[in-house]
Structure formats: structure tokens, C-alpha cells
Amino acid sequence: MYAIIENGGKQYRVSEGDVVKVEKLNAEVGAEVSFNVVMISDGDAIKVGADVANAKVTATVEKQDKYKKIIVFKYKAKKNERKKQGHRQPFTAVKIAKITL
């Protein structure tokens, strides 16, 4: 059984026991959070729309961290304009505890 959840404008495919890095959530480590469910597949049947209106995916927060640094480098040719920037996107790692219909 797996579910498609939505968080931060992105969708993630999750199963029970998975650890997923989602967009940063305002939750303490060890707290329980729930997500919007877009789709659920339980073996051969797929449920979407009104069928998953009452569905719930609960997870526990494992850690709050940042991804590796990426370098953003902008320049204009022949103008001696250069701009180098680094960016580390924050994320929340959550462990999927239960998928309920």
C-alpha cells in the first residue's frame, strides 16, 4: 500500500516506514504531523478524489536540517559582472507511521 501526499506544492509517493525529506515544517523533532492525501493505492485498487477525502497519512518528525549547498553563479559576458551566491534549502525529514482510509 502506498499514498501520494502533498506538501509545499510538491507531491511525494510514500509507504509506511519510509523516511521522506519534505519542505520545512514548523514542528519539533518527535512531533506527529499529518498530510493532505491526493491518492491511495492498496494493491490493485486506486482511490482518488472523494474516495480519499477522509484518508490520513500520519508521520513523526525525525530531524530539521538543510540540503547540501548549491552555487548560483550569474554573469554577463564582456561586462565584467559576476555574482556568486550559495544556497542551502531547509527541509524536514519525516518517517511515515500510518496510512489510513
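Which side chain meets that of K47 in a salt bridge? I looked it up in this predicted model. The partner is D42, with 3.6 Å from N to O. I then checked how open the two residues are. K47 is partly exposed, at a relative accessible area of 24%. D42 is also given as partly exposed, at 28%.

**Entry: the other salt bridges**

I searched the whole structure and found 3 salt bridges. One of them joins E23 to K10, with the closest N and O atoms 2.9 Å apart. This pair links distant parts of the chain, as E23 sits in strand β3 (residues 19-23) and K10 in strand β2 (residues 10-14), 13 residues apart. E23 is partly exposed at 22% relative accessibility. K10 is partly exposed at 38%.

I also noted D65 with K63, whose closest N and O atoms are 3.8 Å apart. D65 has 34% relative accessibility and counts as partly exposed. For K63 I read 39%, again partly exposed.

I looked for a nonpolar patch on the surface and found I71, F73 and Y75. Together they have about 360 Å² of accessible area. Y75 lies in strand β7, residues 70-76. I count Y75 as exposed because its relative accessibility is 53%, and the cut-off is over 50%.

Next I took the loop between β7 and β8 (81-87), where K78 is placed. K78 is not a glycine, yet its phi is positive, near 65°. K78 is exposed, at 85%. N80 is in the loop between β7 and β8 too. I found a positive phi of about 60° for N80, which is not a glycine. N80 counts as exposed at 67% relative accessibility.

Note on methods: Residues are numbered from 1 along each chain as its sequence is written. This is a predicted model: local features need pLDDT of at least 70, side-chain atom pairs count only at pLDDT 80 or more; totals for chains, interfaces and linings use all residues. Side-chain values use heavy atoms; hydrogens and water are left out. Patches are made of residues with over 30% relative accessible area and no salt bridge: like charges are joined within 9 Å, nonpolar side chains (Val, Leu, Ile, Met, Phe, Trp, Tyr) within 5 Å. Accessible areas come from the Shrake-Rupley method with a 1.4 Å probe; for residues, only the protein chains shown count as cover. A salt bridge is a side-chain nitrogen of Lys or Arg within 4 Å of a carboxyl oxygen of Asp or Glu. Helices (H or I, at least four residues) and strands (E, at least two) are DSSP runs, numbered from the N terminus. Buried means under 20% relative accessible area, exposed over 50%, partly exposed in between (1.4 Å probe, protein chains only).
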